[in-house]
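Thanks for coming. Please have a look at it now.

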Amino acid sequence: MRIGELAARAGTTTRTLRYYESRGLLPARRTHNGYRTYDEDDVRLLEQIRTLQDFGFDLEETRPFVECLRSGHPEGDSCPASLAVYRRKLTELDALIAELSAVRDQVGAQLARAEAAMEGGPEPRCELTG
């Protein structure tokens, strides 16, 4: 298939595919007249990249999965380099969760403080001045 058909099947643009090609993530096979050609393996490769990006992986983090697919592993994540990326991403996500949890605790404490200050006091006046 040509680049336009691959883009349509993968739900992306030809510009994106050319970018992936320039980054070495998508193979650059060409016919004798210079047209790019792709096959079902390329569709699978693009699905893998898109899924990983939907999970928050940046484009370079998808490289080990792409290489794993190219080496014949059907899921693209059963290679040591792919597993290492999963581990790094989990560590990153755990740190973000801890950070968000700390912020949530601070917001909860501020809310409790504000609610306690309001108990028994006068109703606050909220006015818009112009």
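A salt bridge here is a side-chain nitrogen of Lys or Arg within 4 Å of a carboxyl oxygen of Asp or Glu. With that rule, a search of the whole structure turns up 10 salt bridges.

Some ground rules before the details. This is a predicted model, in which local features need pLDDT of at least 70 and side-chain atom pairs count only at pLDDT 80 or more, while totals for chains, interfaces and linings use all residues. Residues are numbered from 1 along each chain as its sequence is written, and side-chain values use heavy atoms, with hydrogens and water left out.

Confidence next. pLDDT is the predictor's confidence in each residue, from 0 to 100. The protein averages 91. A score of at least 70 is reached by 92% of the residues. Helices and strands are DSSP runs (H or I, at least four residues, for helices; E, at least two, for strands), numbered from the N terminus.

Let me take α2. I call a residue buried under 20% relative accessible area, exposed over 50%, and partly exposed in between (1.4 Å probe, protein chains only). Leu17, Tyr20 and Glu21 are buried in α2. Down the axis of α2, these buried residues fall within an arc of 100 degrees, so they line one face of the helix. The arc is taken from the directions from the helix axis to the C-beta atoms. Arg15 and Ser22, on the other side of α2, are exposed. What covers the buried residues? α1 and α3 are among the elements that do. Contact, throughout this talk, means heavy atoms within 4.5 Å. Just after α2 comes glycine 24, with a positive phi of about 80 degrees.

Now back to the charges. Glutamate 21 and arginine 36 form a salt bridge through their side chains, at 2.7 Å, N to O. Glutamate 21 is in helix α2 and arginine 36 in the loop between α2 and α3, so this pair ties together parts 15 residues apart in sequence. Glutamate 21 counts as buried because its relative accessibility is 16%. The pair is also part of a network: Glu21, Arg30 and Arg36 are linked by salt bridges.

What else does arginine 36 touch? Leaving out residues up to four places away in sequence, its contacts are Met1, Arg2, Ile3, Arg18, Glu21, Arg29 and Arg30. Arginine 2 is 34 residues away in sequence, yet the C-alpha atoms are 5.9 Å apart.

On to α3. It covers residues 40-54, and its 15 residues should span 21 Å at 1.5 Å a residue; the end C-alpha atoms are 21 Å apart, which agrees. The expected span is 1.5 Å times one less than the number of residues. Buried in α3 are Asp42, Val43, Leu45, Leu46, Gln48, Ile49 and Leu52. They pack against α1 (3-10), α2 (14-22), α4 (63-70) and α5 (80-118). At the N-terminal end, aspartate 39 is the cap, with a side-chain oxygen 3.0 Å from the backbone nitrogen of aspartate 41. After α3 comes glycine 56, with a positive phi near 100 degrees.

Then the loop between α3 and α4. Threonine 62 sits there. At 0% relative accessibility, threonine 62 is buried. Its contacts, beyond four places in sequence, are Leu25, Ile49, Leu52 and Gln53.

Which residue pairs with glutamate 61? Lysine 89 does, in a salt bridge with the closest N and O atoms 3.3 Å apart. This pair links distant parts of the chain, 28 residues apart: the loop between α3 and α4, and helix α5. Glutamate 61 is buried at 17%. Lysine 89 is buried too, at 4%.

Last, arginine 63, in helix α4. Its salt bridge partner is glutamate 60, with the closest N and O atoms 2.6 Å apart. Arginine 63 is buried, with a relative accessible area of 18%, whereas glutamate 60 is partly exposed at 36%. The side chain of arginine 63 also has a polar atom 2.7 Å from the backbone oxygen of arginine 23. Beyond four places in sequence, arginine 63 touches Arg23, Gly24 and Leu25.

Technical notes
Polar contact = N/O pair within 3.5 Å; in protein donor to acceptor, adjacent residues only side chain to side chain.
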